[in-house]
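Hi,

Here is the structure I promised to pass on. Have a look at it, then read my notes below.

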Amino acid sequence: MYTKLVVLGLVVYATITLINLHGQIEQARDDQAALQRAVVEQALENGIYEYELERSDDPQIIERIARSRYNLVMPGERTFYGIIN
């Protein structure tokens, strides 16, 4: 009788452990997919930086960077800021 209870307890424990491990594996797969997406996004961003670095003597590239990243304007230009509701 005790043997059956011990075996039943072990089966229940093993089942619960397997269900828990399955959840951990699924979470790890989700994390891996998110990290892979982040790597791809970073590679694209690095490509943009490499392009800009290779053409760092191009005045158009310098102007685009100055305008987009640093909100700079040319002398005599006016900047207008809109309010979005």
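First, a term you'll need: a residue counts as buried under 20% relative accessible area, as exposed over 50%, and as partly exposed in between, using a 1.4 Å probe and protein chains only.

Before going on, some ground rules. This is a predicted model, so please keep in mind that local features need pLDDT of at least 70 and side-chain atom pairs count only at pLDDT 80 or more, while totals for chains, interfaces and linings use all residues. Residues are numbered from 1 along each chain as its sequence is written, and side-chain values use heavy atoms, leaving out hydrogens and water.

Now the overall shape. The radius of gyration is 29 Å, whereas a compact globule of 85 residues would come out near 12 Å (taken over C-alpha atoms; the globule rule is 2.2 Å times the number of residues to the power 0.38). Along the principal axes, the C-alpha atoms fill a box of roughly 95 × 40 × 10 Å.

The chain has two helices and zero strands; these are DSSP runs numbered from the N terminus, with helices being H or I of at least four residues and strands E of at least two.

Helix 2 is worth a look. Its buried residues are I61, I65 and A66. They cover an arc of only 135° around the axis, so they sit on the same side of helix 2 (the arc is that of the directions from the helix axis to the C-beta atoms). On the other side, P59 and Q60 are exposed.

Cheers
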